[in-house]
Amino acid sequence: KALDYIDRCIKITEPDSLRRVDYTLKKGDILILSYEISSDKNYLKTAISDYESLLAKMPSNSGVTTVLNNLAYLLAENDERLPEALEYAKRALDARPNNPVILDTYAYVLLKNGKTRQAEEFLAAAVQHFEQERILIPAELYEHKGMIKEQLGAKGEALAAFKNALEAGGDKLSPRARQRIEDAIKRVSP
């Protein structure tokens, strides 16, 4: 039903309006949630396609950074077209180099592309920006930190990061994310 409603909203907005971009981003969120719940790849493919169509329509629009970041993360999260994900993440980072969310995405995409040392550097920068701006660090960032530390063989640091991810996520973590983090904790525990 949510997809039907958001499609109606998109249909009644002007083709080049910021409202349409916002609705399309919300549709992407709904599609990703639907994919997480059902594991139906059609939801994932539709979300990727919608983000790519937004990029084609608004290559220099102010909202393009969010689209680039979301698309890069979505591709990396699902191990899809990783070199393209890195290009999208780099473009977002170039546009907003001090944004901690974008720094985190870039670090995550670097990790997924096998560039673990670089990922560690950019993730440290993301953490620093979150702390400077006194913004709570999201569970995803801690999970990414755990993944990076695990890849680097620093199991104690990985364990601490994964535990921080569970704590930061609390009851807001999806069952799939909670299970993934709990599995990682078991994997790196002594």
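Predicted model: local features only at pLDDT ≥ 70, side-chain atom pairs only at ≥ 80, totals over all residues.

**Entry: overall make-up**

I went through the secondary structure next. I found 10 helices and 0 strands, so my note of the order along the sequence reads simply α-α-α-α-α-α-α-α-α-α.

Then I checked the dimensions. The C-alpha trace spans about 55 × 35 × 30 Å along its principal axes. For 190 residues, I would expect a radius of gyration near 16 Å from a compact globule, and the 17 Å I got for this protein agrees with that. On burial, I wrote down that 43% of the 190 residues count as buried.

**Entry: α5 against α6**

Two packed helices are described by the angle between their axes and the distance between the axes, so I looked up both. How do the axes of α5 and α6 cross, and within what distance do they come? Helix α5 covers residues 82–95 and helix α6 residues 100–112; their axes come within 9 Å and cross at roughly 155°. Angles over 145 degrees count as roughly antiparallel, and α5 and α6 are therefore roughly antiparallel to each other. I noted the crossing of the two as left-handed.

Which residues make this contact? From α5 I listed Leu82, Ala85, Leu86, Ala89, Lys90, Ala92 and Leu93. From α6 I listed Ile102, Leu103, Tyr106, Val109, Leu110 and Lys112. Sorted by class, the contact has 11 nonpolar, no polar and 2 charged residues.

I turned to the backbone torsions last. Most residues other than glycine have a negative phi, so I made a note of exceptions.

Serine 39 is not a glycine, yet has a positive phi of about 65°. I located serine 39 in the loop between α2 (18–38) and α3 (41–57). Is serine 39 buried, exposed or partly exposed? Its relative accessible area is 41%, which makes serine 39 partly exposed.

Arginine 134 is also on my list, with a positive phi of about 55° although it is not a glycine. I found arginine 134 in the loop between α7 (116–132) and α8 (139–151). Exposed means over 50% relative accessible area, and arginine 134, at 79%, counts as exposed.

Definitions and conventions
Residues numbered from 1 in each chain as written. Heavy atoms only, no water. Axes fitted to C-alpha atoms, helices over the stretch in contact; angles between N-to-C directions. Helix = DSSP H or I, 4+ residues; strand = E, 2+ residues; numbered from the N terminus. Parallel < 35°, antiparallel > 145°, perpendicular 65-115°, else oblique. Left-handed = near helix turned anticlockwise from the far one by under 90°. Contact = heavy atoms within 4.5 Å. Nonpolar A, V, L, I, M, F, W, Y, C, P; charged D, E, K, R; others polar. Rg over C-alpha atoms; globule rule 2.2 N^0.38 Å. Buried < 20%, exposed > 50% of the residue type's maximum accessible area, 1.4 Å probe, protein only.
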